[in-house]
Number of protein chains: 2
Amino acid sequence: MNQRLPVQGPQGDLLRLVATGKAESRAELARLSGLAASSVSLRVEELIDAGLLAEEGSGTSRGGRRPRRLRLSPEAGVLAVADLGAHHVRLGLLDLSGSPLVIEERPCEISDGPRATLDRVADAFDALLAEHVPAGTPLRGVGTGVPGPVDPATLRVVTPSRMPGWNDFPVADHLAARYDLPVLVENDANLMAAGEARHWPGSENLMVVKAGTGIGCGVVVNGSLHRGRGAAGDISHVRVRSDSSILCACGHPDCLEAYASGAALAAVLTEAGVEVTRPADIVTLVNDAVPEATSLVRNAGRRIGEVLTVLVNFFNPDVIAVGGSLSAAEPLITSIRAAVWERCLPLATRDLEIAPARAGRDAALLGAGTLLLEAVTRP
Amino acid sequence: MNQRLPVQGPQGDLLRLVATGKAESRAELARLSGLAASSVSLRVEELIDAGLLAEEGSGTSRGGRRPRRLRLSPEAGVLAVADLGAHHVRLGLLDLSGSPLVIEERPCEISDGPRATLDRVADAFDALLAEHVPAGTPLRGVGTGVPGPVDPATLRVVTPSRMPGWNDFPVADHLAARYDLPVLVENDANLMAAGEARHWPGSENLMVVKAGTGIGCGVVVNGSLHRGRGAAGDISHVRVRSDSSILCACGHPDCLEAYASGAALAAVLTEAGVEVTRPADIVTLVNDAVPEATSLVRNAGRRIGEVLTVLVNFFNPDVIAVGGSLSAAEPLITSIRAAVWERCLPLATRDLEIAPARAGRDAALLGAGTLLLEAVTRP
DNA sequence: CCGTTTATCTTCGAAATCGAAGGAAGTGAG
DNA sequence: CTCACTTCCTTCGATTTCGAAGATAAACGG
């Protein structure tokens, strides 16, 4: 039934431009797609006939005739996305433009292993679909983020330190067996970066730092996610300059993670007799102006900033977006900025923006939507 | 006369695939270009009629009919390329496939300023063209490398530390005024990276380190050069871990360049009473098994490797190619390897190749040819 | 109010592209 | 040698895309 719908090929390109909000009218589609205006009109006609696009009033004039605004039809389809954490999963449904229809969080132990976890996620998808999506609207793609590296070639999880029982498990194949649809599996920090990228129009090269219990980072190059061999973006196991020496779980001394992650800060505070369980607790302490906490966070920011220094000189991003639960502590980003400004080449920092992440706590789910939309609308 | 030749548009794509050696037959062109085989045949016919392509015998069978091999016609055109150094310039002519017709090196002081230098280069181009290129063969592009950062937006040189008088000079405009053709201006390490990339087919992500008097680096992402804001690839002003403290010319303490560049090593050796003027002299000492020189180079390699560690985790390249005059000293690459293998994530080093550069001393000129070919054959 | 300008969108014949079918030229197995 | 099979390339009618011209709709400026 939904096998021959024009979501791929040239129509797919047009659909994607509307879904991502880059184009709102036939004229904009023509400019951005490179197709002739007449061809765009023909294809848009088809997309409207197929019930994927709809016309909705008119936009604002740019000095001439007002454009007839196009938007995605609600019946165009939905995407099911999840983001697996160590002890819980956030999951939900998005429309093709990436707007959430429903998002919820459930407890879920990733240590239960891949089969149990993924089946539980899929059951949750089915329940949400039954409750929130009318019968005629097709599910068009399924995606999930995982807290570990994913081999982009095989879509398997590889050497995940926090996912016992998942090593080399074919996550995508398992999901594809249940849903005969495009399936996405990606590292959670990468998903967050993909979600963040949409909030920085005009910026093609981004680094997105996730400062939470651990320290993650995703890289966007030329507007699309850089995967490398599956571990790209890792900054947590970089050696930092230090007087003392701490051994990291990875077996090497003085990793950034051992000094500046939420877990490391919590350990120091607990040692000092302050009760801390989650990174959010540290933020609370900082906002309450507890001197030790503030000093610790500032120190962590400086360390992260020193690592970023190397990467900024090398990669020359337009934007460094700082997210994660720890990023709510203001001194973090301030001291990251200070370290980068001080030490980087002027040419590299000339127009560099270092700012809080814009996509909010559902960034990873939104990122999964963005990447899935690509997969759904490509030949 | 050569204004309407089909080097752009769809024919340009085909021409480029042949010129870069990616395709040698109509069938390969069809596979790589995405066009239908019938369309490819038509366009190739046109290119042959226009004298840009030629048929040359047949290739080897892959189990069926033998392909009719296509190659670039010698009359298709030439590219004029140069690579400016501090005290000399290498320049020459390439055919469109990037093969050198003639390459020579001349003394040339970059401190004479942009006008004098560029005019001298252009005069040299004209002389080479008159001597080595028959009348019917058109010049299709001009490109030059410079030993400093280039703003990719304006093609001006920005804040060049070793190019007095060049700051903000519109190099591309100056050349374009003399040649009404596509003009390329690029940092020399970036050109080297572009040239090297062609020698690593199958590898999409490369870091190319140039270890000479200074330390340069170029980055190739998804097969094309990453420019960032013009300074991308810089690794020379990264802070290294050190007991002592050396102030770098950039004003910061403990830059990699101050410890591991050819200039830094030469300074130490001279201090110790060993006569050294160029990085090549250091290589000679190492090959003669002079212990101090070997130990110094090994130390430099380890320091470079420690910096690369961070970048390998972050960027996950397929290949790190090490070139530059100092790279001829074997211990350099060996100790870079050791540092990277020891400290990087296994996933990042799993299939990583760290190897000597393959493109030789004309890498930058060949890279200029590759990038110019792009400019010439694009709409 | 009424032309001028600008931008959006459609119409329609020309051109480019596709894809199915088939011919050409090879390999390899019996 | 013959026959099946593979790959390469061309032919030709169908489809898609283009681009010039015009229709539509609004802003702007007397």
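**A guided tour from a buried arginine to the DNA**

Begin by selecting B:Arg140 which, leaving aside its neighbours within four places in sequence, is in contact (heavy atoms within 4.5 Å) with B:Leu5, B:Val7, B:Leu52, B:Ala76, B:Gly77, B:Val78, B:Leu79, B:Leu96, B:Leu181, B:Pro182 and B:Val376. The model is predicted, so local features need pLDDT of at least 70 and side-chain atom pairs count only at pLDDT 80 or more, while totals for chains, interfaces and linings use all residues. Residues are numbered from 1 along each chain as its sequence is written, chains are lettered from A and ligands numbered from 1 in the order in which they are written, and side-chain values use heavy atoms, with hydrogens and water left out.

Staying with B:Arg140, colour by secondary structure and find this residue in strand E6 (residues 139-146) of chain B, where helices (H or I, at least four residues) and strands (E, at least two) are DSSP runs numbered from the N terminus. B:Arg140 counts as buried because its relative accessibility is 6%, buried meaning under 20% relative accessible area with a 1.4 Å probe and protein chains only. Next show B:Ala76, whose backbone oxygen lies 2.6 Å from a polar atom of the B:Arg140 side chain.

Now select A:Leu308, which is one of the residues with the most contacts inside the largest nonpolar core, a core of 101 residues; such a core is a set of buried Ala, Val, Leu, Ile, Met, Phe, Trp, Tyr and Cys residues joined through side-chain atoms within 4.5 Å. Apart from this core lies another, of 45 residues, and B:Leu47, B:Leu70, B:Leu96 and B:Leu373 are among them.

Then move to DNA strand D, which 27 residues surround, the closest being A:Ala36, A:Ser38, A:Arg43, B:Ser41 and B:Arg68; a residue is near a strand if one of its heavy atoms lies within 4 Å of it.

Finish at the phosphate oxygens of DNA strand D, one of which is 2.8 Å from an N or O atom in the side chain of A:Ser39.

Technical notes
Polar contact = N/O pair within 3.5 Å; in protein donor to acceptor, adjacent residues only side chain to side chain. Buried < 20%, exposed > 50% of the residue type's maximum accessible area, 1.4 Å probe, protein only.
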